[in-house]
Amino acid sequence: MKLRAALLGAVAVLGFAPAAFAERGADGEVKLTFPQAVSIVNPYLSGGTKDILAAAMVLEPLAVVDPDGVLVPRLAVEIPTMENGGISEDMTSITWKLQPGLLWSDGTPVTADDAVFTWQYCTHPEGGCSQATKYEGVASVEAVDASTIKVTFAAPKPNPYTAFVSGLSPLLQKAQFEACLGAAAPTCTDANNMPIGTGPFMVTGFTVNDTVSMTANPNYRDPAKPAFATAVIKGGGDAEGSARAVMETGEFDYAWNTQIPPDSQAAMAAAGKGQFVVAFGTLVERIEMNTTDPSPALPEGERATAKHPHPILSDIKVRTALSKAIDRTILVEVGYGAGGRPTCNVIPGPEAWASDNEGCIAQDMPGAMALLDEAGWTDSDGDGIRDKDGKKLSLLYQTTVNPIRQDFQALIKDWWTELGVEVELKAIDPGVFFGGDPGSPDTFQKFYADVEMYANNSDNPDPETYLGQYQCKNAPSPETQWQGENINRFCDPAYDALHAELTQTTDIAKRQEIAKKLNDMVTKDSMTVIPLVHRGTLSAHSNSLGGVQINAWDMETWNVADWFRVK
Amino acid sequence: MLTFTLRRLLLAIPTLLVISLVIFLLVDLAPGSPMSEIPLTVPPDVRQRMIEALGADQPVFVRYVLWLRQFFWVEPAYLFDSWFGTTLAEGEQRILSWQSRSPVFTIIGQRLPQTLTVIGTAYLVGILIALPIGIYSAYRQYSLFDQGGTLFAMIGFSVPTFFSGTLFIIIFAVWLGWFPTKYDTQLNVTDWDSFVKQIKQMALPVMTLGLANAAAISRYMRSSMLDNMTMDYVRTARAKGMSERTVVLKHVLRNSLIPVVTVIALGIPSIFGGAIITENLFGVNGIGAALIGAIHASDLPMVQTLAFIFAVLIVLFNLIADILYGFLDPRIRYD
Amino acid sequence: MTDASTTPPKPASQAREIWQQFRTHKGALFGLIVLGFLIVAVLIGPYLWVPEKLTVAEAIKLKNQGPSLRFPLGTDQLGRDMLSRMLLAGRVSLAVGLVAMLIAIVFGTFIGILAGYFRRLDSPLMRLTDMFLALPLIPLLLVMVMLFRDRIAGLIGPELGAFTLIVFAIGITSWMATARIVRGEVLTLKEREYVLAARSIGARPNRIIRRHILPNVVSPVMVAATLGVAEAIITESVLSFLGLGFPPDFPTWGRLLFDGLQYMQVYPERVVWPGLAISLTVLSVNYIGDGLRDALDPRIRGR
């Protein structure tokens, strides 16, 4: 009786019921395809979304985030809050209750010890756990009893929903991973590729960087789910090919990350076999301004460091003019179609956290020209390029190799040329650009260019960590081996102070207000970051696949248990 | 010939050692890091710890010596163990991929069959198409057949596989719906139906690659045949009253095969190396796709091992080509 | 076989003879005309066909147009005129294709002949060839860019620097097949009677190679050259995807072809133009090679 109540509760909480209460495995096979193949099914040893998407079908956290950015319990009975006593008064601990009767796919019971072990696994100093930030500030995890997990923080934590929340930090089975702690973690090939989980599916076959085969978990807590008996994830190829396999040939049911040109989207949708779905998280394509001088004339070690402010971009009028000259609506139309929308914010969502800053959406070419004139940049020698004190207004604009980014580069170059700015373009292999190799001059952290374009996002609806990137101390420099997230080298003591206040604030409304202020400080107030497009994740599913609820706040496969075949 | 072969085999050992060192240094020197595919949301200190866990922060020569030991001792010992149930490699660390943390040789083992069936078939098909076309084009130079063959070859190698592959997908998969676009690597051929399925899914990649291979090989065959057609010995043979068939297929063909053998032998290692673009396009999980994926992720152990195996094959097949020269033209001597 | 040492042929007359023979080859003439046309078109075309200056907003409205009088080859996804892009792209692609092919052919033939003719050089040179064949291409290119791009750009300017680096990178990674094929040919040639005869009358290796070996390896080299042009043009497009190569707003045929790929179903002409240009170039180089081989072969020339 108790079990049934819990199950009914779970169904009610998920707020979604398949059209017919079919029995488990009645709908045959569901086939997914990813442009990048799955390398490993252990999210703690991989940072790639492709791997975690597959893992989320097998491994489950205590709670997940739904498409609206709201926490919903998964393995937990309910979300602990201050009101229900789950979070201590001083905010130094959070206590989770496991649902009764939970079983791993091998039939053994899930206990609080598994959670304790998961914490130990990820925080082991030699383990190289990629989700270590999820457990940052956690002093200890204890099993109060077999079904109660108490997470204690070293300091009061206003946002305690990090450990064991979302597909990024699911529970591992202690029995399976016990021998895989620390340095031994990568050697447990079988466990890493076929982890035992509580999710709707379990891995039965795994070929590295190619295919993951799964069957329904016989011990899944809802006897009617999943509707599919087996699942296959095939990886490799490109976004184009994945989209085609769902939308045109109908070989697959679901394709993740099908970012293709808007024209092709329309043509594929016209085939009538499937549809594109999009979800907006916090991913923003932006142009970052270099506040330091990247001139190759400077000695190595001083180039692009705070010692030498940027000769052109240090002037806020120039930065503002560059932003005003861009028509973001055209960018969206050319590059993303339904998969994007213009934005002026670094934090474009969730709604409650996003600033109402929309001043940049309308292009203002005359305004931009006036600003440059005002700043003293005029075309004195009549060659079409503005200059000041004998120095030309010339910028190097770099990004990664990617067809959409190259289109953006071409368009923005045209606008800036209209403005009288000379622009040199550069495209870099993404592996080098994002690789962070301190020996390479082309990494985005080194920023040996005047402006650069890429996309970044917050992996948590609460942007505290994300906004922390722009603190002075996070600027990459030779002293930090060029590591650091504040790639603009933006440094404002007022910003640091306000961010420190955010980490202390617990009232949610107050936090949102501070976050908006911080967002405005790096965007419209200082024009250090020029946001361009709020990008969604665009995926495709066939018309015969039901129950898909695309989710930008957690893994897209978060509700794969509810997927079913439309008959 | 035997001493020549033995000497070449012995010489191959230092050559391969030098090649392996050069590859290792090259891959290590190349910009990029195993962390390049990790999302930006993972902070630098966590990245640093992940690199340490991989052992990627060790000095390059330490890693090279470790790799040598793993490649030449641990992996063979492991193979020996799995055959005879011994425990030679007990507790030894195998070569692990940084990207997937799986043993590199397991991955190669999973992928080699696909590579050999798909790429090997394409190569064979290419040769089988190319040789007759090349021979007949040369025999009837400037005939309609020859012009047609030339056009076919030109299109074949001026159109890159990324283009012809996509074109085939659109025509045969999207419009006609004959073949699947994605290769199902889990398919086991057990009966007639699954065999047909296998043939169907091989059709597009084999067509794409076969076209490119046939184009190049047929050109070499044709030009070499043309060179020999005008030789004195051909005139002599004809004068002796031999049939055209004997003259062309026995005398001219045999003497024309030297450059063709070189081209074919040069190509065989590339069967193992796979075809990067075609494999990626059709989702064939071959060695080529593994290599390019590993290069993009700076997965040094994987790149190093694959490149080295590739080097061994190249050295081996060049040796085989040299031995074949001796058979095709007894005048060539190496000793 | 004329005795080379007693009656040295006059170079001028021999060149004319070769040209006479070459002219009778219809395919070769066609190839020469087409290639000549392409080269002239890309050299002076951009001065004759100046696309109208449009602002971004105007251009965007004209995106993805089919061929018309205003845009003879249509427009691309940003509303840029395809004809002017094709002409500009052709400059780079033809230059890269032909120069890189020449480097690869000359270097490959040189190595191949040395290795095939001089037994002592055979082993070291062929092991070097093996090594280059075994090196993984992409890391090699990435390392070359990292080490040399800024230095070359500093010496001769960014665009010429990029060109030099690309041509050099393609050349250095594509000579191996030619070298091996030429060596194989030379191995058989040097045992032929006329070579043995030349050697027995005391002709120096230098002379034997130039007079007897080189003309006889022309035909495989010509095939390699034809393949080389196509490969170089395509490789150039691969290089731009590694961030090596020209700035991203610099069109080349290979890049236009690759960019057009994702629009193939919707706007097929976007891949047809660059594909056609590459194929025509390769076809004409091939026919020129055919004609050249026939013209260089004294047995055919005599007929």
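Predicted model: local features only at pLDDT ≥ 70, side-chain atom pairs only at ≥ 80, totals over all residues.
**Ground rules.** Residues count from 1 along each chain as its sequence is written, and chains are lettered from A in the order in which they are written. Local features need pLDDT of at least 70, side-chain atom pairs count only at pLDDT 80 or more, and totals for chains, interfaces and linings use all residues.

**C:Leu189.** I found C:Leu189 in helix α8 (residues 176-189) of chain C; helices here are DSSP runs of H or I, at least four residues, numbered from the N terminus. C:Leu189 is buried because 24 other C-beta atoms lie within 10 Å; the cut-off is 20 or more, with C-beta atoms placed from the backbone. Leaving out residues up to four places away in sequence, C:Leu189 touches C:Val195, C:Ile213 and C:Asn216 (contact: C-beta atoms, placed from the backbone, within 7 Å).

**Helix pair.** Next I checked α6 (residues 161-175) of chain B against α11 (residues 253-261) of chain C: their axes come within 10 Å and cross at roughly 25°. Axes are lines fitted to C-alpha atoms over the stretch in contact, with angles from 0 to 180 degrees between N-to-C directions. So α6(B) is roughly parallel to α11(C), the label for angles under 35 degrees. B:Phe162, B:Phe163 and B:Thr166 meet C:Leu257, C:Phe258 and C:Leu261 there.

**Core.** I then looked up the largest nonpolar core, which has 330 residues; such a core is a set of buried Ala, Val, Leu, Ile, Met, Phe, Trp, Tyr and Cys residues joined through C-beta atoms within 7 Å. Helix α10 (residues 205-241) of chain C gives the most to this core, 18 residues.

Methods:
Helix = DSSP H or I, 4+ residues; strand = E, 2+ residues; numbered from the N terminus. Buried ≥ 20, exposed ≤ 12 C-beta atoms within 10 Å, placed from the backbone. Contact = placed C-beta atoms within 7 Å. Parallel < 35°, antiparallel > 145°, perpendicular 65-115°, else oblique.
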